[in-house]
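Good morning, colleagues. Please take a moment to look at the sequence and the model on the screen.

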Amino acid sequence: MSTADPQVPAPGDPLAGHPLLEGRHSDRAYSESLLAYVHSPPGRTWWTLLGLGLAGTAVLTVAICVTLFVGVGTWGNNIPVAWAFGITNFVWWIGIGHAGTLISAILLLFQEKWRGSINRFAEAMTLFAVTCAGLFPLLHLGRPWKFYWLVPYPSSLRAWPQFRSPLTWDIAAVGTYLTVSLLFWFVGLIPDLATARDTARTPRARFWYGLASLGWRGSARHWRQWRTGYLLLAGLATPLVVSVHTIVSFDFAVAQLPGWHTTIFPPYFVAGAVFSGFALVLTLLIPARKALRLEHVVTPLHLDNMAKVLLATGWMVAYGYVQEHFFAWFSANPYEMHATEAEFSGPYAPLFWMQVFCNVLVPQLFWFPRLRTNVAVLWGAALLINVGMWTERFLIVVASLSMDFLPSSWAAYRPTWVDWSLLGGTVAFFGTAFLLFLKFVPPVSMSEMKELQREVDASLEFRREQGTRPGGAP
């Protein structure tokens with residue numbers, strides 16, 4: 001796509017007929033179309049999906065209560081697999097959560113014009129995913145009501161956390177990231193919340209949107225301070241995301257366990273986070289685009305760009321797989337070599353090859369331009385990548401622990417109904433939170449769409465002027 005024009009792809013581009021915005025819309029038209037779902041009463045489909053989500057959340061609540069009142073022994077964990085579904089789900093959710101803000105912040109810093117249609121989805125996804133992720137380490141503590149012992153606060157007991165443990169680093173890193181992500185998401189919402197306030201149809205809605213918009217009036221001073229703050233938060237969030245997921249990878253890399261003790265994990269985890277994050281954004285965006293009638297702001301060009309990112313990050317993940325196994329072979333360490341060979345032909349080999357299929361082979365579909373804009377293919381591929389990335393996390397945690405240095409202690413892991421309920425319950429909770437987000441918050445940034453429309457109009461006017469001048473381009 002040409003970088004000189006935010007609207008029209010370069011000549012010869014297969015997406016030449018698909019710009020960033022479909023049609024010409026006024027500011028009022030953008031406000032009405034993007035707030036139509038927010039201001040209208042929920043339909044039967046929304047209530048049905050919400051009911052299913054609440055039912056799944058109820059199952060999650062039951063599983064949490066069983067874990068609290070009976071203990072972690074209700075999970076399938078054993079010796080040597082002391083970490084299992086709990087930490088697998090934590091790493092998977094935290095990876096998805098890191099990717100959301102990283103996507104939005106990096107695209108903002110690089111001034112990518114197609115960001116405005118997907119950033120709100122990605123940022124909301126971050127908050128809900130990090131919330132789900134934080135649940136598992138707390139439950140895994142065994143005594144979650146003592147979680148504050150991980151925080152270095154002044155204590156008369158003089159008991160301080162072990163700062164050499166990556167688990168202690170996690171609580172500081174993830175807590176900081178959640179705070180910055182929440183601020184980044186909320187600050188970006190303020191102009192749109194003010195628009196929702198001004199177009200609200202009931203006094204109650206006007207009151208709550210007015211309270212959330214913090215007195216925004218759209219003055220030049222407001223816009224100047226908002227842009228400065230938003231850009232600063234983006235600059236803060238980008239390195240924070242990289243550092244936080246690096247710290248999460250240290251939970252494994254600093255250990256001596258075969259399959260964990262490798263220096264490839266930090267960049268490997270960051271690339272995997274972006275990969276899984278984009279896949280989940282597509283998984284959520286494609287149905288929402290159809291249901292909320294967002295085709296005029298989420299065009300095939302957006303889908304094409306996201307598919308290209310999936311292809312690129314898929315190759316990064318594939319490179320990580322190759323390097324992980326190469327270093328195990330090159331080290332000539334018998335324990336590392338056995339851990340690698342067990343992945344190919346051991347008890348978890350079917351999961352390993354499924355991971356390779358989902359994370360390495362499926363993204364290769366996006367070499368073909370037609371498939372990059374085929375909604376059914378995109379959604380199916382994104383769903384498979386989500387499954388593949390969870391499988392990858394499971395193999396990192398469980399497969400490595402189940403076969404450690406001592407063959408006499410090897411044991412298989414089998415999840416219980418509580419494990420499955422916690423995983424399915426967090427997925428249901430995530431879906432419920434996302435449904436509420438779609439109903440009460442503008443899903444696409446109206447202010448950025450209006451700004452993009454003005455840039456498009458100015459660009460087209462400039463092209464017309466150039467074409468009318470002597471010697472100008474036709």
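This is a predicted model: local features need pLDDT of at least 70, side-chain atom pairs count only at pLDDT 80 or more; totals for chains, interfaces and linings use all residues.

Residues are numbered from 1 along each chain as its sequence is written, and side-chain values use heavy atoms, with hydrogens and water left out.

Let me begin with the pockets. On a 1 Å grid over the protein atoms alone, a pocket is an open set of points where a 1.4 Å probe fits, with protein on both sides within 12 Å along at least five of seven lines; lining residues have an atom within 4 Å of a point. The largest pocket holds about 900 Å³ of space, a volume being the space filled by probe spheres set on the points. Its lining has 33 residues, and Leu49, Leu284, Pro287, Phe434 and Leu435 lie nearest the centre. Helix 14 (417-440) is among the elements that give two or more residues to this lining, and helix 14 supplies the largest share, 8 residues. Helices here are DSSP runs (H or I, at least four residues), numbered from the N terminus. By class, 25 lining residues are nonpolar, 7 polar and 1 charged.

The second largest pocket has a volume of about 610 Å³. Helix 3, helix 4 (119-140) and helix 5 (166-199) each give two or more residues to the lining of this second pocket.

Helix 1 (27-39) also contributes to the lining of the largest pocket. Helix 1 carries a kink of about 30° centred on Ser33, the bend being the angle between axes fitted to the seven residues ending there and the seven starting there.

I turn now to salt bridges, each a side-chain nitrogen of Lys or Arg within 4 Å of a carboxyl oxygen of Asp or Glu. The count comes to 11. Lys113 pairs with Glu455, the closest N and O atoms being 3.1 Å apart. This pair links distant parts of the chain, 342 residues apart: Lys113 is in the loop between helix 3 and helix 4, and Glu455 is in helix 15 (residues 446-468).

Within helix 9 (residues 300-331), Lys308 and Asp304 lie 4 residues apart, about one turn of the helix. Their salt bridge has its closest N and O atoms 3.2 Å apart. Is Asp304 buried or exposed? Asp304 is buried, at 2% relative accessible area, where buried means under 20%, exposed over 50% and partly exposed in between (1.4 Å probe, protein chains only). Lys308, at 38%, is partly exposed.

Definitions and conventions
Ala, Val, Leu, Ile, Met, Phe, Trp, Tyr, Cys and Pro count as nonpolar, Asp, Glu, Lys and Arg as charged, and the others, Gly among them, as polar.
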